[in-house]
Amino acid sequence: MANTFGISGVAKQAAMSAILDAKALKAALYLVSGTTGPTNATYTATGELAATGNYVAGGATVTNANTAGLTTTTAYWSPSASIVYPANMTSSAAFDMVMIYSTTDANRNIGCYNLGSQTITAGLLTLTMPTNDASTGVVRFA
Amino acid sequence: MSDVPLIYTSKGNLPEASLRFEPVWEDNPDFTKFVARYWLDDEVVKESAFVLSKRGVDSSAIAQSFI
């Protein structure tokens, strides 16, 4: 049996808990033409879908009843329910990204996720979350 | 009187029979997406998307060596 090296699992879980547990989160949609991403420290309205056609600036509320989990040395978290945008939405143009951000912490950017290019016309947009575990959680510190 | 199913579209409520339904599936390592698209002639008048995220994103925590 040899020693092993690395950041401890509990440290990763604590770091994740600090930014996610019990935080108020939102999910904003970004245009295909945008340049927003993980380098943005906070939510930005630049490149966001226009607030028309029932889309609300800032995006939809994220249900957050989960706390950061830990399996071995991977911390993980996912929203606790699907993200559902307003009914009968019509997007102003094609979008391909959703940013999850924390309104509790001055709109801190948590992560940016690929949706593929999409438009919505008088319809619904629902984002169903993956299994909340160390392999597929929406946020993972491995 | 017979009821005619109506669907809400960008043109208001239209009889379902007047629309052409186009289901679209997209599958890749990040997500599976189902798009329900309704056409009125050559115009999309209703389009919904249901995205199943398959995985989030991970970030590696790197422990620097002291040597």
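Residues are numbered from 1 along each chain as its sequence is written, while chains are lettered from A and ligands numbered from 1 in the order in which they are written. Because the model is predicted, local features need a pLDDT of at least 70 and side-chain atom pairs count only at pLDDT 80 or more, whereas totals for chains, interfaces and linings use all residues.

The predictor assigns the complex an ipTM of 0.90 and a pTM of 0.93.

Chain B contains 0 helices and 6 strands; helices (H or I, at least four residues) and strands (E, at least two) are DSSP runs numbered from the N terminus. Its radius of gyration, taken over C-alpha atoms, is 22 Å, well over the 11 Å given for 67 residues by the globule rule (2.2 Å times the number of residues to the power 0.38), so chain B is more spread out than a compact globule. The C-alpha trace of chain B spans about 85 × 25 × 15 Å along its principal axes. Of the 67 residues in chain B, 15% are buried, a term that requires 20 or more other C-beta atoms within 10 Å of the residue's own, with C-beta atoms placed from the backbone.

Two strands pair if DSSP finds at least two bridges between them. S5(A) runs antiparallel to S8 (residues 125-128) of chain A over 2 bridges, and A:Val84 is placed opposite A:Thr126 in S8(A).

A:Tyr30 lies in strand S1 (residues 25-31) of chain A. This residue counts as buried because it has 23 C-beta neighbours inside 10 Å. Leaving aside residues up to four places away in sequence, A:Tyr30 is in contact (C-beta atoms, placed from the backbone, within 7 Å) with A:Thr36, A:Gly47, A:Glu48, A:Phe95, A:Met97 and A:Met99. The C-alpha atom of A:Tyr30 is separated by 9.6 Å from that of A:Ala93, 63 residues apart along the chain.

How values were computed:
A residue is buried if 20 or more other C-beta atoms lie within 10 Å of its own, exposed if 12 or fewer, and partly exposed in between; C-beta atoms are placed from the backbone. Two residues are in contact if their C-beta atoms, placed from the backbone, lie within 7 Å.
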